[in-house]
Structure formats: C-alpha cells, structure tokens
6 protein chains.
Amino acid sequence: MRLLVIEAHPQYIGMFISGMVYKHTQRGDEVHVVALADAECLTNIRPQDELAEINKTEARAACNILGVSSIRFLGYPDTFLVNTHELRLHLSNIIREIKPEIIVSHWPQDTLSDFRETGMAAIDAAFNSLLVAGRWVEKYPSHWTKKLYAFQHPGLSVNFKPTTFIDISDILDIKIKAMDCFKIQIECNFSNDLEKWHSFILGPNRYWGVESGCMYAEPYAQMEIHEVHNNASSYLEV
Amino acid sequence: MRLLVIEAHPQYIGMFISGMVYKHTQRGDEVHVVALADAECLTNIRPQDELAEINKTEARAACNILGVSSIRFLGYPDTFLVNTHELRLHLSNIIREIKPEIIVSHWPQDTLSDFRETGMAAIDAAFNSLLVAGRWVEKYPSHWTKKLYAFQHPGLSVNFKPTTFIDISDILDIKIKAMDCFKIQIECNFSNDLEKWHSFILGPNRYWGVESGCMYAEPYAQMEIHEVHNNASSYLEV
Amino acid sequence: MRLLVIEAHPQYIGMFISGMVYKHTQRGDEVHVVALADAECLTNIRPQDELAEINKTEARAACNILGVSSIRFLGYPDTFLVNTHELRLHLSNIIREIKPEIIVSHWPQDTLSDFRETGMAAIDAAFNSLLVAGRWVEKYPSHWTKKLYAFQHPGLSVNFKPTTFIDISDILDIKIKAMDCFKIQIECNFSNDLEKWHSFILGPNRYWGVESGCMYAEPYAQMEIHEVHNNASSYLEV
Amino acid sequence: MRLLVIEAHPQYIGMFISGMVYKHTQRGDEVHVVALADAECLTNIRPQDELAEINKTEARAACNILGVSSIRFLGYPDTFLVNTHELRLHLSNIIREIKPEIIVSHWPQDTLSDFRETGMAAIDAAFNSLLVAGRWVEKYPSHWTKKLYAFQHPGLSVNFKPTTFIDISDILDIKIKAMDCFKIQIECNFSNDLEKWHSFILGPNRYWGVESGCMYAEPYAQMEIHEVHNNASSYLEV
Amino acid sequence: MRLLVIEAHPQYIGMFISGMVYKHTQRGDEVHVVALADAECLTNIRPQDELAEINKTEARAACNILGVSSIRFLGYPDTFLVNTHELRLHLSNIIREIKPEIIVSHWPQDTLSDFRETGMAAIDAAFNSLLVAGRWVEKYPSHWTKKLYAFQHPGLSVNFKPTTFIDISDILDIKIKAMDCFKIQIECNFSNDLEKWHSFILGPNRYWGVESGCMYAEPYAQMEIHEVHNNASSYLEV
Amino acid sequence: MRLLVIEAHPQYIGMFISGMVYKHTQRGDEVHVVALADAECLTNIRPQDELAEINKTEARAACNILGVSSIRFLGYPDTFLVNTHELRLHLSNIIREIKPEIIVSHWPQDTLSDFRETGMAAIDAAFNSLLVAGRWVEKYPSHWTKKLYAFQHPGLSVNFKPTTFIDISDILDIKIKAMDCFKIQIECNFSNDLEKWHSFILGPNRYWGVESGCMYAEPYAQMEIHEVHNNASSYLEV
C-alpha cells in the first residue's frame, strides 16, 4: 500500500502523524511526503534561507527514522499558501505519479490559512486526479485515491472530530526520536524544554488514547472526497 | 463473529438490514435477533393476537432465508416501548448471554418513539453489559461489545448520517426473497403492489449505492457507546 | 413566473432537476438555463472542442423536451471555475436581464470545486443583483430574486439536507426522455448501460420519494440569500 | 383548514403565536387550542386554585379576541408534565377528533421541561394518530396531520432555528389586545410595566421581521413528523 | 461565592474537576458537593455495602484536600439514576438551601445513562429553583443560579465542546493528591498502576492545555439554563 | 485596554456595535476603527465619490459621539472585497501598530461577500500578527490579540450564534444619537422613517435582551483564532 502525506510545512510528518506513519512503514507500506512550503517564517533566530535548509534537513532526519520512502519540498512561500488551480494541478500530478491508496493532509477548518488551503488543495487534487481530459492528463493517467484522512493540529483545528484512532502505544520511543529531530522548533517555541515539547504532542495522544480505549493514540478524520467505487464494504467492521 | 440485532418489531430484519445480515451469515458469522414487540398494531386487517403470530411467523421465514441463528420475541407492547431500566436489564442479560462483537439497532433520533426507545435501550444495554456488580451480574458475567451500528428507517430517521456502507449488489435476489416474506405488510401498506414494495427498500439502497460508489448499498451509522479497549486500530483503513 | 438555472456544466438540467423544470414549464412558467463551462473535460473519447459541441447539442435537446425557454453557454474553462467578481458580475447581469423569481444552482458544499464555486457564485450574484450603484448597474437595473434553491449531486453533495421535495411521479417518462439525450455521458460513465444510468438518477429520486411520502421526488434545499421583503408569509403552509 | 395548538400552559396562545392565529381565523380557518396545565405555579400572588381559574379566564378572553374556535384545559399538574404514553394517547384522541391539517406546539429543545415534554408529546401524538390498531383507535379513526410547527419562547428555546415567518405587521393592534389579557403575568413578571411587556413580545417579532424582510414577524420551525403522503409539492415555492 | 457540584457518583470531585475546585476554595469560595449514588456498582472486589462506605470515605478525604465545604451522599441506586420530578425536587431543595452562584455537573450527552440523567436533572433543578409556587417552595424560597457548567468524562462525553478552560498548571501536586485518594478505583480499573491513573486524568488536562494555551487545563462547557437577569455583561471580556 | 474594529464599510460602527463601543470608551478603553471600503455602492442618490465622502463624514461624527480614538478608511473597492494576502498583510500591520487586546469584526458566514471576506481577513490577520519572520515583520514586531469577537448583521448573518451579550440598556440615548448620524442610509434604505430605522437596530437589541435577561443587548460571538497563552482562566466566571 502507498500513503501520501501532503503537509503545509516540513515538520508535521515528525509531530502529529509520525506514529501512524511508522506503523505503516513497519508493515511494508510506502509513505511519501510532500511539503508545500519550507517553514521559512517559523522563527527569526536564523535567516530565512538558512532556516529553510535546516527545516528540510530536520524533516529528512525524521523521515529516515520513520522509514519514509520519499519527501519532496515544493518551495511555495510560507504563510502565503493558496488553493489555486496551479497548486491543485501540481499536487494532482504528484498523486498521479505516486498513486497512493490513502492521502493524509490538514483539517480544512484549521485557523491557520496555510493549513486550510493545504487541506482543501489535497481534497481538490485527489478529486482532480480522477479526470481523464485536459491539462490534468498532460503528464500522467488518472488515479483513484481510495481514502483521504485529515490530521489535527491541537490548538488550531476548529471543530475537529476524529473518526479513526491509531494506537501508537507500542512505538512511543520511535515517535519521540522523530520528534526530537526538530531542534529549531524545540528551541524557538519550547525554549529547549524537551519535557514540554514531548507533552505538547504526547499529551494530546494520551487524551485520544483515553477517548479510544488505549494508552496513546493519534486521531484522524476521514474526509468525503468522491463517489469512489470502493467506499462500500462487504461487512461491518469490528 | 457474532452479531446481535435489536429491533423494535419483527420485520426490519427482512427489510433494511437483510443484505448485511446475509453477507455475514454467508461468511460464517452468527446473527441473532431480538424483537421487542410483535408489531400487533401494524394493521387492523387481523385481530391483534393473530397478527402477532403472523408477524412472528413471517420474521422466522425471513430469518431462515438469511441464515439467522436465532430470533427471540420479547413481547413488549407495540407502540408503547420505553427505555426503562427493566428493559435495559433484560437486553443486557441477552447481550451477556450471546456475547456479540457487534450490535445493530435503531437510530435514536427516529420520529417513531418505539424506534427511539429501542435505539437508546440498545446503547444503554451495551454499556451496562460492562458492569461487574449489582443486579447486572445476577445471571451472566460482563461482556464488552466492540461496535454498535444504527440502521436507517427511510422516512423516519431524522438527521441520519451513515458512516459505513455495505455493498449488497451481488445478493439482491436473496434480499428480495427475505422482503417478500412480509405478506401482511405488503398487503396493508403497499396494497400488494410488489414493485412498490421492492422499490421502497431498494430505491434507498440504490441511492446509498450512488453515495458510496456501488450499485446497491445498505447504510449504517457507527454509534459511540463506551471507552472500549479496542476502538483504536493499528493502521489507517483503505 | 421565471426560474433561472445556473449550472457548472450543461448536463445537469437533464439529470437531477429535469422533473421540477418540466412541472414548471408545463404550468406556463419560463425556465432559463446558464451553463458556465462546456464540460469539455468530461471524457477523453472525443477531442475537447468536439466534446464541447456535443455536450451543448445534447443539452439543447433535453431543454427542448423539457420546454426550457433558453439556454446559454458561457464558455468558462471546465474544472477551473472560480467564484471571482468577474463571474459574479457576469451572472448578475444575466439575473438582472432575465429577472427570475427563483434561481436554482449547485449545493455550495459539493466536493467538486466547480460545483462549490458555481453554487457560491449564484448566491453572490443573486445578492449583487440588488445593488443600485457602481459597475453592477452599468447594464441593467437592480432585481430582487425571491428564492434560491440548491440541488443535490448524489455522491458529491456533502451534508446536503433538502427542505423541499418536488413530486415527479407523474412525469417520469419525460424525465427519462430528457436523461437519455446525454449519450456521451451514458457511454463514458455508464458503458451504455441504460438501466444503470436510469437508476443512477431515479434510485435517488425513489429514495427522496420515500423520505417525502410519494413515489419519486427531486430534493431541493432553500438557501439563505438576503433579507428579502417577501420571505415572510401570511399563513402557515399546509 | 383546521389548526390545533398544543401548549403547556394557557397563556402562549396570546403571546408568541397570536399573530399567526389571528391571520388564520381571519381568513376562515378554525383554530383549536389545548392547554395541558393551568399554569397554577406561575406566581404566588394568588392561591393556586384561584390562579388556575384566572389563567383560564384570561386565556379565554385572548381566544375570543383572536377568533379561536375552542380552548380545552386538560388539567395536568403544572411544572410536572411528562411525555407519557397516557398523555400521548390523550392528545392523539384530541387530534383524531379535531382532525387538524396543522399542529403548532413547543420547541422540543426548550430549557423548561414542561415545554420539552409538551413539544415531544405533540410530535409523538401526531405520529400515533396515524395508527389503525390497538388502544389508539378505541375512540376515533386515524388521522394524518400534514405539518407540525414549533414556536419559540425567546430566552428558553435552545438552538431554535425557524423555517417559516408569518408577517404580522398589519395586525399588531389585535396582537397587543390579546397580549393585554394576561394581567396576572403582566403583574407578576413585568411589574405592570406595559411597555416592557409589549417589547418582550414585539422586540423579538421586530427582530424576526428584520431577519425575514418585513416589519414584524412570528417565527416557526417546521418539525419532521412522519413519512406523509403529502410532504412533496408540485412546484418550487416563491 | 458558592459553587455546587452535582455528580452521579462520589469520585469525580477528585478527578475531572478537582483543579478548578481547589482554585476556587483557595481564593475563599465555598464549594459544596452532592453525590447522587454511592458508586456501589463500581467493582465487585468488595461487597456493595462495604464499597459504598469506602467510596464515601475516599471522597471525603479528597474533599478535605480540596477545601470543600460539604459533601452529601443522596443514596440513589447506582446505575439506575433517572431524572424524575422527585429527583429534581430533591436537588432543587438543596440548591435553594445552598444558594450557589454556579452549579457544576455532568455533560447531558454522556454515553453512561447515570451521567445523562444527572446532567439533565441539574439543569432542570436549577430552573425549578426559580419557581415561587407549589411544591417547589414548601421548604425554601426561590433562588437564581447564575451559571451552570458541565464537565467532561473523557471517553464518555459525546460531542463535548468546552467554552471555558481553567488553568491548573500551578496546582498539579494538589490535584494528584486528591486523585490518589481513590484507591479502590485505582485498584480495580488501573491495576494499581499509578502512572496510568495519573495520565488518565492529566493527559486530557495537557491536551486541553494545548488547546487553550497553557500547560494543564480542565475544560468546562457553559450550559443554557434560563433567561437570567445577569447573563449580559457590561464589557467584552479579554 | 485597546479594541480594534475591522468593518467592511464605515457605518456599522454606529449601528450594530455602538453600544458596546461606548461602554468601553466610557470606562477608559481605546477603540480604534478600520473601514475597508467607503460604501460607495450603498445607494445611487449621490455620485460615488461624493457618497464616499459623506459616508466617511457620517462615520466620523458617530465615532465622535462614541468616544472612538481613531478611524481609518482603507479605500478598498466596495462590493469587491477579497481576503487576499495583501489585505491580510495590510490589516496585520495595523494590528501590530495598534496592539489591541480585542478585535471586533464581521461574522464569516454572512451572506454578503464583503462581510465574509472582511471577517475571515480579520481572523487571518490576527493570526498573522503573531508571526516573527518574513514580510510580516518588515514594519512592526509581532502582537498577540487575546480575543476576536464577531458581530451580527441581522438579516444577513447565517447561523450566527452569540456567546456574549453586552447590556446597553442604560445608554440607549447615546446609541440612538450615533445611529442618527447615518442620514444617507436612513434616506435611501428607510425613506427617512426614523422610527423604522431605530427599530431595525433596537428591535434586534431587544430580542437579544430577552435572550440574555436584560432590556437591550448587543450580541457577539467569540471566534477561535489561535492557541493563545491566555485563553485559560483561573476561575469559572459568574
């Protein structure tokens, strides 16, 4: 199976969804990552160009730990993302190339506009990957993505309501290793307080664990994307 | 796997959920049915006692076609169902006895009070089956039901929003056979117009098929019942 | 009375809303149609220019059957529709020219971006038709549209909740005739399987018929557009 | 046409819905009223028995002004109303006797339990009036109510969202006359400040007038009650 | 200021709301607690009578730590709570006696019926405390409660959406002390694993801290109870 | 304390929010106003240039009455507002300059696109004012706005649900004075009927007074903007 993560900035792969990613790569699934912007506005403790490079290096390190197959940095301007047709076409081409069964992206009601635009662009690009005519097929044939899940950014995802919980209790150590790659973020947003950084991610994971009956869980919300030919099942799921 | 259907009246097993039931029995799952009332108020073309017997006989016939393991008629008064503690205790004892992984019951916002009360009683009884003390364990030890799904009664289920669709396209012939057992209903509500009767059930199934990308589907809504120790998964589902 | 249909692509006039349209033209109402794009990306079994012509010809044929007064093709690029001020101005001018009491358009929460943008543009253009100054009145005086209804595209209209049902049971034959004009769609999306094509439209109609107490119904959702001077009634409606 | 108002206490007929009632009686419709309790707990400035009599007398006076055909006081205990099967049966018998096309009652999410129970009992009794067997038909044959509308009690109706507005701008004088019948309420809750009393009712009416594009409007929410054979229309409504 | 906590069972005072309670008692507010049932069905590792005594003793110990003014055990049967008029009258008398400005109780949409019934009974009793006539005033004069807040039981509170967050970061040590009083619960539900027990409460607190911009927070949802004469403020709150 | 009002057109400061504004300036708070467009499309009874000047003059007069510290007119084109990054940057610079604790703006679900775009731009600009890098800090350092409230435009604000009510009963005379500055609006939309004009604003205020337990109230809805370090409180608010 192939999963494609479409994130606004490079770091979320190592924060909110890293447990799920690792579970999938461990059983042999491919996980590919696309980061729209380089998070060059994250902080002012480094010049923007330098910061972009650091962010990308840190994300690559986390991806290595998690067994991610590939990560691409699209270089769109940080804090200025917009769900234009050009972006959708760009993402649609990537989707048609990678052919994921599952796409994971931002919750489209997030307060931060970069997240909203990325989340909606992922939904639109997944739909547009079905098209068989026009500019959409200049590069690749059409592709049906089966499911699209949104992840939560605690503190920013307004009205987020998960439908699926991934139990990550048994791989917390790996998750923490991946989280600890993001040294710039830990420095600028958490004053290098590792305990606070861990609890910023793992506190919510423990909460969703209580909600779903395990120790630590990552929450995901399945989004409605298109009249797929595989949305119906044969049996009720236990 | 064991499924338990808790329905207000005997006929729904052969109408709205029969496709799913048959899919499960065909792969070897056990399906048990409990009907709270005998639907003796369904029509006045027969005396109530006689009607109750007919309804039960017709339901048994449908259950035979569908491969249902058992059906019980609890004999509560039709149109007067109430989610009392006595009813919850009664249902909880049945749940503890049968030990289903999945319960299927009515949508708790249905307009008809019998459906509302049955749907809520199913939720409450599933929760109460966890209890380990008091009257709840006089007969049986505790049991954790993993999932509870509600089905729709088209025309009555206010704000019904399905989360799961079962593709029944390949077993429509069996579903029609099960539906055609309910001769009294076909007579009193459909003037023996079989085409209208079929489309009353299969029209909605075709609609949900369009919604979920297949020909015919039955819709189900997963209900939140309790902080189970198995609600979290290991992987995102395709 | 005059109705104006604003649709993203030419074919919906003959699919989801044709029954309502025919009922209105039959009692003497005028129905006008505006299609924003020519659906030239619908399929790749014909070159795009040729496909655009076919789509328009088929839509005209359906309009003839339905008694539609006029259909205009605005020629915006298929799959790239955006609710810009230019589009709103364009639609507002058409609204001011035709002076409809009722506008019918797409549900603004549809998954397909063309539908979302068209639905929101219809709402915005209806509002802007009230304006009495600026570029809005360069061509025509202002016009108050009394009601705006959204129609459903089954499989794509997320959270669609109808408020009005039109009973089309007595004119199914005409609806089927109008549907059967769209030969390209029947070929590319339904493999020329007419029964599947019919049930794709009529299955949902039967479902909404069950929901509203008749055989076949088309569902519509009244949208809130503006503080009209005629939204209040004199009597409760039976 | 016949309308039936089912209210928890006698006074609302002259407060929140009097404009609509008068519009209907003026065009020749029959309006019947049922008050479940006598509002004997409204205040302590009179003994309860005496207060019940005053409330009924004041309500009768308002009904006379509004042209109401009949008002019945069922004598259930104030502040202790419960939607029991006995109450539903009682109301169902009245519905079957009066045969209203429209029922008007409380919003079922009101904060005050008497309102919640009355509103739900009205919905359940309207449904039960369809039944053709058992205790339901001991007195009267079945009756299909076509529509059920809920009215708002400003300050108590949580999440009230109206679907229909009745323009009462031209009959404000009659509405004020009906309101002024309720002297006990004006005394105990409004310290005999008539201006405050009027604005308590007419302020909300002006608000809903702004919302619906007229001067003064009463808001109503159509409730879903049953799969009626007349919920679908032939035309979109202007 | 006086706060009244109305809880289904004795232990929640020391679990989900203890931080808020301690903050209030520390600044001199009175906090009173009412527990409807004794939680005698919590576990079977002790006979029910004995368990009830243990639960009460443990709750008293937590109340001592938190500076609670009084705790009352009403002795209603565990797992069988119902929002009857008798219960409302009982609670209304306590409210009228204690005269709280704020009531804190369960979320009325909780999955566990004891919580639902207690939460609704608290809302109804707060409303009924306004009444000035009938049985309601046999013991005490009327009382206006200004605000009613619901707390969350993580894992059980369906659709819980908090409106207010209490920052408890500076008193975590006291909260942990209060939590550790509930030895029976820690034994039967957490196998005496203190770390798991702490994270069951503090994980959610950390999550809500992230959501509200502090380290640890308890979430509360303000409920609508009545048209109070003090719901409006003079200024927007920072 | 400083408040910043961000409005699409100059007049709302004197209509829907003037009571709140005056209460704040009276206790010594600074209120600053930004109007995006000059409402030059409000009416055609004056040329657009002249109308823009009149609108600004009238708004300045109202601001004087209300004690507003400053009002800026940004000169964006009326009826063509769009939440672009340029607008967000413009507003963010103003926010960083004025440093408000509270921002007040439009409800983002308003029917009128100018209101929607302004409301969303205010939310985005408030968030962007946190940023410490890139174009955002070319002019000013970052600033945390603590709260953002949306106001209602009765008749246009779809699904508006207030969370906060400001009691303006004691300053109605000032509010009326401020309202009466807008002579052009009173002429073109209200035919110089002052009573109708007053009730257009004060009728809704009376309604929200009934909803919140006072005579006249202005409603506000607190919006979720960002994970602030001050969203959590120390105590439950009475």
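## Strands β1 and β2 of chain C

Strand β1 (residues 2-7) of chain C runs parallel to strand β2 (residues 30-37) of chain C, and 6 bridges join them. Strands here are DSSP runs of E, at least two residues, while helices are runs of H or I with at least four residues, all numbered from the N terminus. Across from Leu3(C) you'll find Val31(C) in β2(C).

This is a predicted model, where local features need pLDDT of at least 70, side-chain atom pairs count only at pLDDT 80 or more, and totals for chains, interfaces and linings use all residues. Residues are numbered from 1 along each chain as its sequence is written, chains are lettered from A and ligands numbered from 1 in the order written, and side-chain values use heavy atoms, leaving out hydrogens and water.

## The sheet and its helices

In chain C, 7 strands make an open, mixed sheet, ordered β3-β2-β1-β4-β5-β7-β6; strands count as paired if DSSP finds at least two bridges between them. Its edges are β3 (70-76) and β6 (164-167) of chain C, each pairing on one side only.

Helix α1 (residues 18-26) of chain C packs on the sheet, touching β1, β2, β4 (102-106), β6 and β7 (217-223) of chain C; contact is heavy atoms within 4.5 Å. Helix α4 (residues 113-128) of chain C also packs there, against β1, β2, β4, β5 (147-151) and β7 of chain C.

## Helix α1 of chain D

Over in chain D, 8 of the 9 residues of helix α1 (residues 18-26) are buried, so the rest of the structure largely encloses it. Buried is under 20% relative accessible area, exposed over 50%, and partly exposed in between (1.4 Å probe, protein chains only). Among the buried residues are Met20(D), Tyr22(D) and Lys23(D). After α1(D) comes Gly28(D), with a positive phi near 100°.

Note on methods: Axes fitted to C-alpha atoms, helices over the stretch in contact; angles between N-to-C directions.
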